[in-house]
Amino acid sequence: NLLKKTLSFFDGKVDDIFIDIEQKQSLNLFKFAREIVRFSRLITVKPNDTTVESCDFLIRNHLNDDLFKKNIIVIGTGNLAGKMANRLAERQANVYILGRSTEKENRAIEALNLFLPKHTSKIQSIGHFKSKGKVDVIVSFITGQLKREEDLIPYINSDTFIIDGGINNFDSTFIQQMLTNNIQ
């Protein structure tokens, strides 16, 4: 009802109404908006792609656009984490995935590797990463707290760049510990 009222209120008063086209719930926002909006132009957006693009740019900027053989841990097995892992692997980084469960982790890795170009290094599980303390970037895209921050500590050094792209993925103790150790 609130969406219907909002769309009705703005229809015709603004030129454009932006609608998230990704169907993340049972309500199809675009289909619903098409039924309500008559005068304004509907423009579809994909906020997840904007998030991935922004994260990619942030990492590239931090690493001076040189991801070749950089070790990157991507936390998560969903839409954002998968898109990010794929993009980083295509940029020639060594990508390792940490999922909430081994089963999800393995399924995501198998699926992502199907899409990578033939000569691209394969995305792997964090269990295949051998060089403790040599991770260049950790990026997290999960919908909730990781609750396994202690598993990451051995991979982090003073040059590791950590991005919380999810919703409060790291607890305050972990964040404070990283800040105390001058980790970005």
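Which residues are exposed on the other side of helix 3? The points below lead to that helix by way of the chain as a whole.

1. Basis of the model. This is a predicted model, in which local features need pLDDT of at least 70 and side-chain atom pairs count only at pLDDT 80 or more, while totals for chains, interfaces and linings use all residues. Residues are numbered from 1 along each chain as its sequence is written, and side-chain values use heavy atoms, with hydrogens and water left out.

2. Overall architecture. The protein chain contains seven helices and seven strands, where helices (H or I, at least four residues) and strands (E, at least two) are DSSP runs numbered from the N terminus. Their order along the sequence is α-β-α-β-α-β-α-β-α-β-β-α-β-α, and the C-alpha trace spans about 60 × 40 × 35 Å along its principal axes.

3. Of the 184 residues in the protein chain, 39% are buried; buried means under 20% relative accessible area, exposed over 50%, and partly exposed in between, with a 1.4 Å probe and protein chains only. Among contacts with a separation of 6 or more, 65% join residues 24 or more positions apart, a contact being heavy atoms within 4.5 Å. The accessible surface comes to about 11100 Å², with 51% of it belonging to carbon and sulfur atoms, as given by the Shrake-Rupley method with a 1.4 Å probe.

4. Helix 3. This helix, residues 47–62, has 16 residues and reaches 22 Å from its first C-alpha to its last, close to the 22 Å expected at 1.5 Å a residue; the expected span is 1.5 Å times one less than the number of residues. Asn48, Val52, Cys55, Asp56 and Ile59 are buried in helix 3. They lie on the same side of helix 3 because they cover an arc of only 100° around the axis, the arc being that of the directions from the helix axis to the C-beta atoms. On the other side of helix 3, Thr50, Phe57 and Asn61 are exposed, which settles the opening question. The buried residues of helix 3 pack against helix 4 (79–90), strand 6 (137–140) and strand 7 (161–164).

5. After helix 3. Asparagine 64 follows helix 3 and has a positive phi, near 55°. Aspartate 65, in the loop between helix 3 and strand 3 (71–75), likewise has a positive phi, near 60°, in a residue other than glycine. For context, most residues other than glycine have a negative phi. Aspartate 65 counts as partly exposed because its relative accessibility is 48%.

6. Helix 4 has twelve residues and reaches 17 Å from its first C-alpha to its last, close to the 16 Å expected at 1.5 Å a residue. Its buried residues are Leu80, Ala81, Gly82, Met84, Ala85, Asn86, Leu88 and Ala89, and what covers them includes helix 3, strand 3, strand 4, helix 5 (102–115) and strand 6. Just after helix 4, glutamine 92 takes a positive phi of about 75°; glutamine 92 lies in the loop between helix 4 and strand 4 (94–98), and counts as partly exposed because its relative accessibility is 47%.

7. Leucine 42. This residue is found in strand 2 (residues 41–45). Leaving aside neighbours within four places in sequence, leucine 42 is in contact with Ile17, Ile19, Phe30, Ala33, Arg34 and Val37.
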